[in-house]
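Thanks for coming, everyone. Please take a look at the structure on the screen before I start.

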Amino acid sequence: MSSVPLNAGAPSPASAGPLATLKALRGRLPAWLPWFVGRLLSGIGVVLVISFIVFGATQALPSDPARIILGPEAPEHTVDTLRRQLGLDRPLVLQYADWAQQVLSGNLGRSIDSSVPVGELMAGRFANSLTLTLAVAAVAFPLALVLGIFMALRRDSLADRAVLSSVVLFKAVPGFVIGICLVMIFSTSVFSILPAASLLDPSLPAWRQPQYLVLPTATLALSVATYLLRLVRASMIEAMDSEYVTAARLRGVPERRIIWRHAVPNALIPAIQGVAMTFRVLFGGAVLAEVIFSYPGIGNTLNAAIEMRDLPLIQGIVLVITVGVVVINLAADLITVLLTPRLRTATRIRARSPGLRNAASLWRTGKSWRVSV
Amino acid sequence: MSVIAVDGHAFRRVESGAGAAHDTAQNDVFSNVAAQAPALPAAPLLKVQGLRVQLAGGADVVSDVSFEVAAGRIIGLVGESGSGKTTVASALLGHVRHGARIVEGRIEVAGTDLLSLDEDALRTVRGRVVAHVAQDPATTLNPLLRIGTHMHEVLEVHAPALDRAAREARILDVFADVGLPAEAAFLKRFPHQLSGGQQQRVLLAQAFVLKPRLIVLDEPTTALDVSTQARVLATIRRLCSQHGVAAVYVSHDLAVVRELVDDVIVLYAGRIAEAAPLATLFDAPAHPYSQGLLAAIPDVAERRALQPIPGQAPAPGTRPAGCAFAPRCPLADARCGSEQPALSHLYGGQQAACLKLDAGPAFRIEAAASARRPAAEADGPPLLEVAQIDAWYGSRQVLHNVALRLGAGECVAVVGESGSGKTTLARALAGLGEHAVGSVLYRGQSLSLHARERTADVRHQIQYIFQNPYRALNPRHRVGETLTAAVRHFFGVDRAEAQRRAEAVMARVSLQPGLLDAYPRELSGGERQRVAIARALVCEPQLLICDEITSALDVSVQATILALLRELQAGGLSILFVTHDLGVVRALADRVVVLREGRVVEHGAVDDVLDHPFNRYTKQLVEHSPSLIDAAHRPQREARVIRYSI
């Protein structure tokens, strides 16, 4: 067929009643709210899908947990009885509902390795990871911001090129090499002023033991700051080259005001997504750094749990990380939308994660990808 | 007379001899001028002398530019891309773009030598004494700041004594002046919530709020529709005369300049080619380049045989020795290739830098035979018959029941302002529209609006050419690959045959076969658009759909593309030409369809529609289209000949 029937596919006019109510509501509610609700729902969807996978990977595998518990020698009817007692003969959907209910009420089961409840085990480790993450953020973000803006303003100068080259060096060197070098310099070969391993006292919160935080923080900060630095530099250069900056100059606006009022706010919007990306990496467990320094964070714990096939613990950690990543993404997108008037006032936001795409494009090509609404 | 452009050397001589006996030719011109315009103040407000701007590599962007503007006068600075007009414009505020620098010259505004000022002093001059209005208002306004913040900033910086209420009062005053709503609520809006015309008015308000002495307008209407452009131009004219502001208006478009300015400077390759009072330039252009420009501009008022200027303007660093225009000039001889012509003074304040001023016109405006007869009825069934097309953009309907016919060998123009749905229509007919429905017959057969549902046979017969030649070609493919890929896709021929066809099509679009090995980045804009046309032609189309294919090109290049299209049409090709430029319509099309907000408001033979528009909207479009011909002169266009005077 080559000719489409007339009006096929045309949006049918919505009925007047609900539409009018909607329009009236739209006057009072922020324009971005429908977009945000959509993003929220899709975030919940992601968590659900991950929970299916986690559940499927453990409860619904072809291997029979009852048989595993009782061993290969057990008679078939005993296994059947246990299977019934465990509810394994019930439909998968019901089993999932039961499991989800347990998870939601905070019961993630007990660790196979240590028999400690998974929730209890994770709480301490996540607190440690969060402390480390915040410490890294506190060091890396201001560093990247200040240095990035400084370099952009002195683009192609000797200082800019020197910093840029060393940034490339840090980026090219794997994180664990940086970690090992730092250990050699500050704990073993050169100076012995900092502990080489972060043997935290579990009875104290991590932030009360800063001597153990210094080296892991430095290692992680050095590797994430390089990314953010280049991101901030590139978007700041783009902002300074923009026509609104030239126009402000031609209106006689002082340079300082141009930088802080015009360029920096525009340059920081893509950086929001860069910050979010950093948080995701750190929160999901900075495995390498934690392993090197034996830091009792979540990455280290997940690593150990995988080695021990400690399924309840793996489930718990993966679920919490998933929720964390979804929340970070949501927060970053919301902040991006709120800080971008064009998106904030748009009734329909087409780009799913405009800032993320912009950040990715800046990172790859050094050029900004513009959001069109 | 406010424009007195001389090369730097001559100017110094004149200055030193000011008040002395008029013993040189230059001084005679000056005294003539003074006699003609006794009312003008003695000291010009803006004086530019021997301005030279260089790139970091040492190549001149602008050389030996000198001119003056008196208060209350508007001067037009005209040139094609690469002529240095924007560089001159920003130099008037002591600014050059990154990587360039002012190496020579003097720019004096109201007695202050701008180039001798330090950063701080220059900053106080910018905005307050000299204001600048940029080309694209959409990117010139900071997307994060409200309109009010933009306006307040100018006053905070330059008039710190004013308190917030006083500032706001001034802002609302100037808003009323430039034709914006003088309401506090309007100040709360963000740039993207304004139309293009409103954004441009905000820029004008920013420029005028401090009551500057000189205002530099860098193509401020290029991004606007003709109707909006006409209104903005009227506003600029009124503000300049009302406040006695001198203005420099930079444009690539002689027709726009004609609506506004008192004097014109034509720049070519960074030098002044010609400077003359407006009427003189249009009636008797002296420089071959000015003549060429005027002959290359399609005009809404009459069908012209457009005279393309061969070749292209040289980029900085590749400019030839001697006269930069010599390689493109039909009058050039060996001397032109070696000797840099100085500006010489002609009668009536006109000046031109050319060694062949006596050699007669290099280009002349020629009216073409009247438009061809509307062919559709005579030639039997039309090639393309659109009974109805509707299209949506999201939930908004952008095409309403659009119908049109296109006969074999006919050129139909689709005209409308931005947002009229003309590109949507073109894309739908090309099969690229996602949300279009309708019934279309192609050669009597039903035609799908989705290219993938069309047979390969129909697909190669209908070809589409995109607006922007800089983005329509794959940057990683050589021209040859671009062409042979299309051939082999449609006709399954072997490599040698594809190569042969590619070479043949290159000849058809007047490109050297050697360019088959070039990458698009090595080509100029006009060459790229030729390659894009070649890519369509190599598919052996019956119907060519052209979406604003000349709007990204300079006028002289546009003329060559239009000439090519006319030639192809004479060879039997049908063309659907989408454009916003009624001059192009007059020059090219047989029939025209006028779209407004997705509806056809008028259609008919080009001369009928443009000479006697029936619909009010069409009438408005025709009236607002800048023309080189006075309304009063239009009936006697046969009488127009170019006069030359020395």
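A word on the ground rules. This is a predicted model, with local features needing pLDDT of at least 70, side-chain atom pairs counting only at pLDDT 80 or more, and totals for chains, interfaces and linings using all residues. Residues are numbered from 1 along each chain as its sequence is written, while chains are lettered from A and ligands numbered from 1 in the order in which they are written.

Start with chain A. What does its secondary structure come to? Chain A has 16 helices and zero strands. Helices here are DSSP runs of H or I, at least four residues, strands are runs of E, at least two, and both are numbered from the N terminus. Of the 373 residues in chain A, 36% are buried. Buried means 20 or more other C-beta atoms within 10 Å of the residue's own; 12 or fewer is exposed, in between is partly exposed, and the C-beta atoms are placed from the backbone.

Now contacts. Two residues are in contact if their C-beta atoms, placed from the backbone, lie within 7 Å. Take the contacts in chain A with a separation of 6 or more: 68% of them join residues 24 or more positions apart.

Chain A is assigned two domains: domain 1 covers 31-104 and domain 2 covers 118-365. Such bounds come from an automatic or database domain assignment. The C-alpha centres of these two domains of chain A are 34 Å apart. Where they touch, 14 residues of domain 1 of chain A contact 17 residues of domain 2 of chain A. Helix α2 (residues 33-58) of chain A gives the largest share of the domain 1 side, eleven residues. By class, that side has ten nonpolar, three polar and one charged residues. For the classes, Ala, Val, Leu, Ile, Met, Phe, Trp, Tyr, Cys and Pro are nonpolar, Asp, Glu, Lys and Arg are charged, and the others, Gly among them, are polar.

On to chain B. Chain B has 22 helices and 22 strands. Of its 646 residues, 54% are buried. Among contacts in chain B with a separation of 6 or more, 70% are between residues 24 or more positions apart.

Chain B is also divided in two: domain 1 is 8-129 + 212-297 + 310-352, and domain 2 is 384-627. Their centres, taken over C-alpha atoms, are separated by 37 Å. In chain B, 17 residues of domain 1 touch 17 residues of domain 2. On the domain 1 side, α10 (226-243), α11 (254-258) and α13 (288-296) of chain B each supply at least two residues. That side holds seven nonpolar, five polar and five charged residues.

How do the chains meet? The contact takes 38 residues from chain B and 26 residues from chain A. On the chain B side, α4 (119-125), α5 (137-140), α6 (147-158), β13 (384-393) and β16 (436-442) each give at least two residues. Which element gives the most? That is α6(B), with four residues. By class, the chain B side has 13 nonpolar, 17 polar and eight charged residues.

Next, one residue in chain B. E219(B) sits in the loop between β7 (214-218) and α10 of chain B. Is E219(B) buried or exposed? E219(B) counts as buried because it has 20 C-beta neighbours inside 10 Å. Leaving out residues up to four places away in sequence, E219(B) touches Q135(B), V250(B), S251(B) and H252(B). H252(B) is 33 residues from E219(B) along the chain, yet their C-alpha atoms are separated by 7.6 Å.

Last, two helix pairs in chain A. Axes are lines fitted to C-alpha atoms, for helices over the stretch in contact, and angles run from 0 to 180 degrees between N-to-C directions.

First pair: α10 (residues 243-250) and α11 (residues 255-283) of chain A come within 10 Å, axis to axis, and cross at roughly 150 degrees. So α10(A) is roughly antiparallel to α11(A). The cut-offs: under 35 degrees is roughly parallel, over 145 roughly antiparallel, 65 to 115 roughly perpendicular, and the rest oblique. Here Y244(A), V245(A), A248(A) and R249(A) of α10(A) meet I258(A), H262(A) and A263(A) of α11(A). That contact has five nonpolar, one polar and one charged residues.
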